[in-house]
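Work through the exercises below with the sequence and the structure in view. Try each task before reading its solution.

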Amino acid sequence: MKFNLTDVQSLIRERRSVRPEQFKARKVHRDQLEALIEAGNWAPTHGHTEPWRFKVFTEKALESLQEKLAEAYQRSSTEPNFLQSKYERIRNRHTCASAAILVYMKRQTSGKIPEVEELLAVGCAVQNMSLVATSYGLSLFWATGSAVYDAQFAAEMNIQAPDRILGVMYPGYPEGDWPEGKRQFWMTKVEWFTD
Ligand SMILES: Cc1cc2nc3c(=O)[nH]c(=O)nc-3n(C[C@H](O)[C@H](O)[C@H](O)COP(=O)(O)O)c2cc1C
């Protein structure tokens, strides 16, 4: 056996989503971001379309991204769903996280592979990234919501349909103890068949 099963199982179980507002003020370095993306690039891919794409934002570009996301949130959430506190949280996220990775799907031009399979492949890429993040002691927070799916925001990011933004990922070191995960028992989700 090439890999230690217990280590792999622990890595999978311990991957956690922690909000950037609960990150330590500790920078995530360029080589770490590169390792996350390289891991993402090893995701499975039907028809070798490799549909995952990334835009990485740090420093001033990150602040500007958050400004655009906050505007997108305002635009896309109608009263009474709009929350000023959420707007502020999005707007100020660059003060909590040192980087953001926008993840999107580059749709195969021929459309031969069904879109759902390209979406799934990008999801696999995100999981690879999250596991490598965990091995660094990082959480990789996956943010979606109406802002991320806003059409004007996509245009500002220079992403045109049928390509689709699937989230903005924030890597960071959680403050305090590494959080415990919670899942319903896996056996409740499986049916076995023998004949
Ligand atoms: C497709 C996808 C989108 C997500 N979007 C959000 C989000 O917008 N906000 C959020 O708080 N968590 C988001 N999450 C993370 C979940 O909240 C998180 O996985 C869940 O709470 C379980 O926690 P764990 O990842 O630490 O096990 C998203 C997860 C997935 C798979």
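**Exercise 1: a residue in a loop**

Alanine 43 counts as partly exposed, with 19 C-beta neighbours inside 10 Å; buried means 20 or more other C-beta atoms within 10 Å of a residue's own, exposed means 12 or fewer, and partly exposed is in between, with C-beta atoms placed from the backbone. The model is a predicted one, in which local features need pLDDT of at least 70 and side-chain atom pairs count only at pLDDT 80 or more, while totals for chains, interfaces and linings use all residues. Residues are numbered from 1 along each chain as its sequence is written.

Task: find where alanine 43 is placed and what it is in contact with, leaving aside its neighbours within four places in sequence.

Solution. Start with the place: alanine 43 is in the loop between H2 and E1. Helices (H or I, at least four residues) and strands (E, at least two) are DSSP runs numbered from the N terminus. Next, take the contacts, where two residues count if their C-beta atoms, placed from the backbone, lie within 7 Å. Beyond four places in sequence, alanine 43 is in contact with Trp52, Ala121, Cys124, Ala125 and Asn128.

**Exercise 2: tryptophan 52 and valine 122**

Task: decide whether tryptophan 52 counts as buried or exposed, then list the contacts of tryptophan 52 and of valine 122.

Solution. Tryptophan 52 is in strand E1. This residue counts as buried because it has 24 C-beta neighbours inside 10 Å. Setting aside neighbours within four places in sequence, tryptophan 52 is in contact with Gly40, Ala43, Val103, Ala121, Val122 and Ala125. With the same exclusion, valine 122 is in contact with Pro51, Trp52, Val103, Met105 and Leu166. For a distance, take tryptophan 52 and cysteine 124: they are 72 residues apart along the chain, and 9.4 Å separates their C-alpha atoms.

**Exercise 3: the largest nonpolar core**

Task: which residues of the largest nonpolar core touch the most other members, and which elements give two or more residues to this core?

Solution. A nonpolar core is a set of buried Ala, Val, Leu, Ile, Met, Phe, Trp, Tyr and Cys residues joined through C-beta atoms within 7 Å. The largest one has 35 residues, of which Ala100, Val103, Val122, Met129 and Met169 touch the most other members. Two or more residues come from each of helix H3 (59–76), strand E2 (99–105), H5, strand E3 (139–143) and strand E4 (164–172). In soluble globular proteins, nonpolar side chains tend to be buried together.

**Exercise 4: two packed helices**

Task: describe how H1 and H5 pack.

Solution. Two packed helices are described by the angle between their axes and the distance between the axes. Helix H1 (residues 5–14) packs against helix H5 (residues 115–135) at an angle of about 105 degrees, and their axes are 9 Å apart. Axes are lines fitted to C-alpha atoms, for helices over the stretch in contact, and angles run from 0 to 180 degrees between N-to-C directions. H1 is therefore roughly perpendicular to H5, a label for angles of 65 to 115 degrees; under 35 counts as roughly parallel, over 145 as roughly antiparallel and the rest as oblique. Leu11, Ile12 and Glu14 in H1 meet Leu131, Thr134 and Ser135 in H5.

**Exercise 5: backbone features**

Task: which peptide bond is cis, and what is the phi of glutamate 50 and of asparagine 158?

Solution. The bond from alanine 161 to proline 162 is cis, with omega near 10 degrees. Proline 162 lies in the loop between helix H6 (151–156) and E4, and asparagine 158 is found in the loop between H6 and E4 as well. Asparagine 158 is not a glycine, yet its phi is positive, about 65 degrees. It is exposed, with 8 other C-beta atoms within 10 Å. Glutamate 50, also not a glycine, has a positive phi near 45 degrees. Its place is in the loop between helix H2 (30–40) and strand E1 (52–58).
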